[in-house]
Amino acid sequence: MNGVTVVACGVEACPHAAASPHDCDDELRAAIRATPHGVLVRSGCLQGCSTATTSAGATVLVQPCDVHRRPTGPALVMGPLHEPADVAECCAWLRAGAPAPAPSHLVCGVLAG
């Protein structure tokens with residue numbers, strides 16, 4: 001893989017992000033900085049910021065791409081990242097260049113492109 005774009009919730013009051021380990025954002029930012037051609041995009045909540053949803057913890061969208069930011073494969077929906085071990089494993093996978101396959105227990109969906 002040449003690069004990766006990671007989309008994460010940037011809403012301060014998001015109940016899902018609040019359920020994530022306290023250093024989740026810092027670890028995610030550090031992992032992206034260490035990933036060649038990695039980009040972190042902040043968006044609205046990927047779960048709709050609704051407290052009615054049952055998953056607790058951050059959800060991130062990971063899109064493999066080339067050095068020009070063009071997608072090279074399907075986007076993976078990963079999460080919820082609610083345990084420190086989940087965050088650490090996701091970040092280690094990103095630092096390694098997000099090789100296939102992704103940690104299957106962290107992947108909750110695939111968006112075909």
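**Figure 1. The open sheet of the predicted model.** Five strands make up this sheet, in the order E2-E1-E3-E4-E5, with mixed pairing. E2 and strand E5 (107-111) are the edge strands, each pairing on one side only. From one strand to the next, the twist averages 20°. Strands of a sheet pair through backbone hydrogen bonds, either parallel or antiparallel.

**Figure 2. The pairing of E3 with E4.** Strand E3 (residues 58-65) pairs with strand E4 (residues 75-81) in the antiparallel sense, over 4 bridges. Opposite Val60 stands Met78, in E4.

**Figure 3. Helices H2 and H3 against the strands.** Helix H2 (residues 24-33) lies across strand E1 (3-9), E2 and E3. The direction of H2 is at about 145° to E2. Helix H3 (residues 84-95) lies across E1, E3 and E4, and runs at about 155° to E4.

**Figure 4. Arg42 in strand E2.** Arg42 belongs to strand E2 (residues 38-43). The relative accessible area of Arg42 is 34%, so this residue counts as partly exposed. Val11 is 31 residues from Arg42 in sequence, yet their C-alpha atoms are 8.3 Å apart in space.

**Figure 5. Contacts of Arg42.** Apart from neighbours within four places in sequence, Arg42 is in contact with Ala8, Cys9, Gly10, Asp25 and Arg29. A polar atom of the Arg42 side chain lies 2.9 Å from the backbone oxygen of Cys9. The side chains of Arg42 and Asp25 are joined by a polar contact of 3.3 Å.

Key
Residues numbered from 1 in each chain as written. Predicted model: local features only at pLDDT ≥ 70, side-chain atom pairs only at ≥ 80, totals over all residues. Heavy atoms only, no water. Helix = DSSP H or I, 4+ residues; strand = E, 2+ residues; numbered from the N terminus. Buried < 20%, exposed > 50% of the residue type's maximum accessible area, 1.4 Å probe, protein only. Contact = heavy atoms within 4.5 Å. Polar contact = N/O pair within 3.5 Å; in protein donor to acceptor, adjacent residues only side chain to side chain. Pairing = 2+ DSSP bridges. Axes fitted to C-alpha atoms, helices over the stretch in contact; angles between N-to-C directions.
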